[in-house]
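Here's a quick briefing on how this one is put together. Have a look at the model first, then go through the points below.

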Amino acid sequence: MSTLLDSYREHIVNAQKQPLFLLLIGFITSFVFIRFSVRMIRAQVRWWPGNVTPGGLHIHHMVFGLGFLLVGGMGVFAAYGTPPWIDWFGLLFGIGCGLVLDEFALILHLDDVYWSEQGRKSVDAVIFGILFTALLLIGYVPFGALPGEDTRWGLITVISVNALASVITLLKGKVWTGLLGIMIPGLSWIGAVRLARPSSPWARWRYTTRSRRRARALRRERLLHRRADRARTWLFDLIAGAPDKVPANHPAAHRVAERMAARASAHLDAHAARALARRRARLADRRSAAVAAAHPPVAHPQPVEGAAGSVPGRSAGAQQRRRTVRAGRNRTYGVGPTGAERRPERHPHVRTRTRRIHR
C-alpha cells in the first residue's frame with residue numbers, strides 16, 4: 001500500500017497531474033454510475049429511483065452534465081488555477097464529461113435514440129474520451145520535455161512515429177486498433193502495415209487499381225472482421241446494454257418512415273409538377289380533338305394547275321392539321337388535300353434571291 005502511495009505522489013502529485021487524474025476518475029465514475037442507473041430503470045427495478053420527471057417532463061442526465069461542465073470550467077478560471085480548487089473543479093468537469101458524452105448520440109441525431117443502434121455512438125465517444133484523457137495523463141508534456149530538463153529526442157521520435165501509424169490505421173478503417181494504438185505503440189504499427197478494410201478511405205485511394213489487394217481485403221473482411229464485429233457488439237452489450245429491436249408497428253418506426261417519405265417527396269416535387277403539366281396538356285389535346293371531330297372542316301374544290309389566279313400547292317380552303325409536341329403545346333399547320341404542308345406566303349414586294357434561269 002505504501003508503494004502505491006509513493007508512486008502516486010511521485011508520478012501524479014509531484015508531476016502536477018492530480019487535476020487531470022481526478023478528471024479521469026470523475027469521467028469513468030460518472031459513466032459507470034449513469035449506465036448502471038439507466039439499466040436499473042430499464043429493468044424496472046422497484047428499489048431504484050426512476051427518471052427525473054418534474055411535471056411530466058423527462059429531464060435527461062445530459063442537462064445535469066452541462067451544469068457540471070459549466071461549474072468546473074468557470075471555476076478553474078475563477079480560482080486562477082490554484083490548488084486545491086483546481087483539483088475539485090477538475091473532478092466536477094470529469095463528471096460532466098461522463099454525463100454529457102453518455103448521451104452523445106442524442107445530441108448528434110437530435111432524437112431519443114439512447115436504446116437503439118444509433119445509441120452505440122455514445123459508447124464510442126466515451127471510450128475515445130477516456131483513452132485521450134489517459135494518454136494526456138501518462139504522457140510527457142509536451143513530447144517528453146519537462147521544464148528544466150533536456151529534451152528527449154528519442155522519445156519524441158517514437159511518439160511521432162506512433163502518431164503517424166495511428167493516423168494511417170484510422171484511415172484504413174480500423175478505428176479501435178488506431179485508438180488503442182495511441183496507448184500501445186506497437187498495436188498501431190501492426191494496424192498500419194496490414195490490409196485496409198474495403199470500405200475505408202485508404203482502400204478507395206489505394207486499392208482502386210489493385211484488384212488483388214482489394215480481393216484479399218474483401219476475403220479478410222468476410223472471415224476475420226465479422227468475428228471482431230460480433231465480439232465488439234458483445235462487449236458493448238455488456239457495458240451499455242443491448243439496444244431495443246423496434247417492431248414494424250412501433251411509433252418510432254412510423255416516425256422514421258414518415259421522415260423518409262417527407263425527404264423523398266421533397267426531392268420529387270419538381271418531377272411531380274412537370275408530370276402534372278404534361279397530364280393537363282394531354283387532356284387539353286383530347287378535348288380539342290373531340291371538338292374538331294364534332295365539327296369537321298368543309299372540303300373545298302382543288303384548284304386546277306395552270307388556271308388563272310391559281311398558285312401551285314395552295315388552295316383557298318386548306319385543311320388544318322394539329323400536331324402535339326412533347327411539351328404539350330399545340331401547333332397548327334395548313335395542309336393541302338394531298339397532305340403535303342404548304343409553304344408560308346411571301347410578301348408581294350419582297351424580292352427573292354432566287355434567280356430565274358432562261359433557256
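Among contacts in the protein (heavy atoms within 4.5 Å) between residues at least 6 apart in sequence, 53% join residues at least 24 apart. This is a predicted model, so local features need pLDDT of at least 70 and side-chain atom pairs count only at pLDDT 80 or more, while totals for chains, interfaces and linings use all residues. Residues are numbered from 1 along each chain as its sequence is written, and side-chain values use heavy atoms, with hydrogens and water left out.

**Overall make-up**

- The protein has 13 helices and two strands; these are DSSP runs numbered from the N terminus, with helices being H or I of at least four residues and strands E of at least two.
- Of the 359 residues, 25% count as buried, where buried means under 20% relative accessible area, exposed over 50% and partly exposed in between (1.4 Å probe, protein chains only).

**Helix 2 against helix 4**

- Two packed helices are described by the angle between their axes and the distance between the axes.
- For helix 2 and helix 4, the axes come within 7 Å and cross at roughly 35 degrees; axes here are lines fitted to C-alpha atoms, for helices over the stretch in contact, and angles run from 0 to 180 degrees between N-to-C directions.
- The crossing of helix 2 and helix 4 is right-handed, the near helix being turned clockwise from the far one by less than a right angle (left-handed if anticlockwise).
- On the helix 2 side, the residues taking part are Q18, P19, L22, L23, G26, F27, S30 and I34. They meet I86, D87, G90, L91, F93, G94, I95, C97, G98, L99 and L101 of helix 4.
- By class, the contact of helix 2 with helix 4 holds twelve nonpolar, six polar and one charged residues; Ala, Val, Leu, Ile, Met, Phe, Trp, Tyr, Cys and Pro count as nonpolar, Asp, Glu, Lys and Arg as charged, and the others, Gly among them, as polar.
- S37 also sits in helix 2 and is buried at 11% relative accessible area.
- S37 and W48 are eleven residues apart in sequence, and their C-alpha atoms are 7.9 Å apart in space.

**Helix 8 and its partners**

- Helix 6 (residues 120–138) and helix 8 (residues 175–183) have axes that come within 9 Å and cross at roughly 20 degrees.
- That makes helix 6 roughly parallel to helix 8 (under 35 degrees counts as roughly parallel, over 145 as roughly antiparallel, 65 to 115 as roughly perpendicular and the rest as oblique).
- This crossing of helix 6 and helix 8 is left-handed.
- D124, I127, F128, L131, A134, L135 and I138 of helix 6 make the contact with W176, L179, L180, I182 and M183 of helix 8.
- That contact of helix 6 with helix 8 has eleven nonpolar, no polar and one charged residues.
- Helix 8 also packs with helix 9 (residues 185–193), at an angle of about 145 degrees and with the axes 6 Å apart.
- Here T177, L180, G181 and M183 of helix 8 meet P185, L187, S188 and G191 of helix 9.
- The residues of the contact of helix 8 with helix 9 split into four nonpolar, four polar and no charged.

**Buried loop residues**

- K174 lies in the loop between helix 7 (153–171) and helix 8, and counts as buried at 10% relative accessibility.
- A polar atom of the K174 side chain is 3.5 Å from the backbone oxygen of G191.
- Leaving out residues up to four places away in sequence, K174 touches T169, G191, R194, L195 and R197.
- S200 is in the loop between helix 9 and helix 10 (201–206), and counts as buried at 2% relative accessibility.
- The S200 side chain reaches the backbone oxygen of K172 at 3.4 Å.
- With residues up to four places away in sequence not counted, S200 touches L171, K172 and G173.

- The P83 to P84 peptide bond is cis, with omega near 0 degrees, and P84 is in the loop between helix 3 (61–78) and helix 4 (85–101).
- Q44 is not a glycine, yet has a positive phi of about 55 degrees.
- Q44 is found in the loop between helix 2 (18–42) and helix 3 and is exposed, with a relative accessible area of 69%.
- L110 has a positive phi of about 55 degrees although it is not a glycine.
- L110 is in the loop between helix 5 (104–109) and helix 6 and counts as exposed at 76% relative accessibility.

Notes:
A polar contact is a pair of N or O atoms within 3.5 Å; within protein, one must be able to donate a hydrogen and the other to accept it, and residues adjacent in sequence count only if both atoms are side-chain atoms.
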